[in-house]
Amino acid sequence: MSTQPKVALVVGANGVIGGSLVEHLLELGDWQVIGLSRRGGTEADRLRHVRVDLLDAEDTRTRLAELTDVTHVFYAAYQDRPTWAELVPPNLAMLVNVIDAIEPVAEGLVHVSLMQGYKVYGAHLGPFATPARETDAGHMPPEFNVDQQQFLERRSGGRTWSWSAIRPSVVAGVALGNPMNLAIAIAVYATMSKELGLPLRFPGRPGAYDSLLETTDAGLLARATVWAATDPRCAGEAFNIGNGDLFRWSEMWPKIARFFDLDTAPPLPMSLTTIMADKEPLWDSVVRRNGLAAHSYAEVSSWPFADAVFSWDYDMFGDGSKARRYGFHEYVQTEQMFMDVFTELRDRRIIP
C-alpha cells in the first residue's frame, strides 16, 4: 500500500526559524518542501520557493492555487509593527490568508503547525509566572499569538486536519535580514566593540544581568516542530520548546567575550537601537578590510529585538516537561549553541 507523500509548506522560509525548518525537512529525506516568502530563495532538489505577499489575500490565493499536494503547513511568518495592538491585524491576516488559500486546494492537508512564543504568557509585558506552563491562564489582549491559535482551533473543527502550537524562547540561529535575531546582534555588537578597541559591555538593564533565562536553538526547534506535526498525540496541543538549561548573562557574557578575544567591563545600560544607529560606515569598513561577504548593515542589525531581550530584568523561562512527556527528549547546551552560531557566522564570512 502506498504512503501519501509528505509535502511541507514552510511559511516564512527565509527567517531564522523557517530557514532551519527547511534545512531539517530536507535532511530527513522523505519530504518535498515549498518555501513561502516575499523574497523567494534558491531552489534545490526537493525544494522550491514561491514569492508571495501574504497580506494580499488575492495574491496569496493566486500563488498557492497550484499547491494541491501540500500535506503539512509550517507557519513561521511574522510582520513587525511598533505596538502590540498593531501587530494583531497583519499577523492574523497572513495566517488566515494562507489557510483560506491552501485548504480548498490541498485535499490531503493533514496538519497546520503554528509558531508562537512566550508572549502567550505575557512575557513581553513584565514579570510573569515561571516556569511558564502551557496550561497557564491567559492575559488581557491584544496578543496575536493567541488570536492565531484561536483561529486554528475554530477552523480545524470538523476538518480532517489538525493543528499544534510550538512556543520557543528566544531563538538563536543564522539568518540575515531578520528583525528577531539575538545571536547576530551580539556578534555584530562584539565585532564593533573590538573594532573600536572597547571591552564588551552588557548593554541591558541592571537587573537583566542576573535574571534566569533560556534560549532555543533553531535546529532543535525545527526538530521539535516536525515531531509535533507528525505525532498524532500532539494534535491540538501546545508545547514549550527550550534548550533544556538555564543561564544568566552574568555568567554567559564573559564566555561570549572570550570567544571574540575581548575583555569585559561592568554593564552599562544603553539602547543599542540608539547607540548603533550611526555605525553603518564602521560596519562597511569592517566588511571591506576583512573581505567579508557583502551583507548590508541593515541585514545584520537586530537592535530593537536585542534591546527587548536585554531589558528583561525578570526571569524568562518555561516548563518544557510537557514535550518530554509526549516523547520529545532532545536538548542543546546553550553555551555551546552560542559558540556554534558565532563559529558559523565566521565560517560564512559574515563576521571576521
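The legends below describe close-up views of a predicted model.

View 1. Glutamine 148 sits in helix H4, which covers residues 144-156, and with a relative accessibility of 1% it counts as buried. Leaving aside residues up to four places away in sequence, glutamine 148 touches Tyr75, Asn91, Leu92, Leu95 and Leu114.

**View 2. The crossing of helices H5 and H9.** The axes of helix H5 (residues 182-195) and helix H9 (residues 280-290) come within 11 Å and cross at roughly 85°, which makes H5 roughly perpendicular to H9. On the H5 side the contact is made by Val188, Thr191, Met192 and Glu195, and on the H9 side by Leu282, Trp283, Val286 and Arg289.

**View 3. The salt bridge between aspartate 100 and arginine 155.** Side chains of opposite charge can pair when their charged atoms come close. A search of the whole structure finds 16 salt bridges, and one of them joins aspartate 100 to arginine 155, with the closest N and O atoms 2.8 Å apart. The pair links distant parts of the chain, since aspartate 100 belongs to helix H3 (residues 84-102) and arginine 155 to helix H4, 55 residues apart. Aspartate 100 is partly exposed, with a relative accessible area of 32%, whereas arginine 155, at 16% relative accessibility, counts as buried.

**View 4. The salt bridge between arginine 205 and aspartate 313.** The side chains of arginine 205 and aspartate 313 meet in a salt bridge, with an N to O distance of 3.9 Å. Arginine 205 lies in the loop between strand S8 (200-201) and strand S9 (215-217), and aspartate 313 in the loop between helix H10 (303-310) and helix H11 (321-326), so the pair ties together parts that are 108 residues apart in sequence. Arginine 205 is partly exposed, with a relative accessible area of 43%, and aspartate 313 likewise counts as partly exposed, at 37% relative accessibility.

**View 5. The salt bridge between glutamate 330 and arginine 223.** Here the side chains of glutamate 330 and arginine 223 meet in a salt bridge of 2.6 Å, N to O. This pair, too, links distant parts of the chain, with glutamate 330 in the loop between H11 and helix H12 (334-347) and arginine 223 in helix H6 (residues 218-230), 107 residues apart. Glutamate 330 is partly exposed, with a relative accessible area of 38%, and arginine 223 is partly exposed at 27%.

Terms used. Residues are numbered from 1 along each chain as its sequence is written. This is a predicted model: local features need pLDDT of at least 70, side-chain atom pairs count only at pLDDT 80 or more; totals for chains, interfaces and linings use all residues. Side-chain values use heavy atoms; hydrogens and water are left out. Helices (H or I, at least four residues) and strands (E, at least two) are DSSP runs, numbered from the N terminus. Buried means under 20% relative accessible area, exposed over 50%, partly exposed in between (1.4 Å probe, protein chains only). Contact means heavy atoms within 4.5 Å. Axes are lines fitted to C-alpha atoms, for helices over the stretch in contact, and angles run from 0 to 180 degrees between N-to-C directions. Angles under 35 degrees count as roughly parallel, over 145 as roughly antiparallel, 65 to 115 as roughly perpendicular and the rest as oblique. A salt bridge is a side-chain nitrogen of Lys or Arg within 4 Å of a carboxyl oxygen of Asp or Glu.
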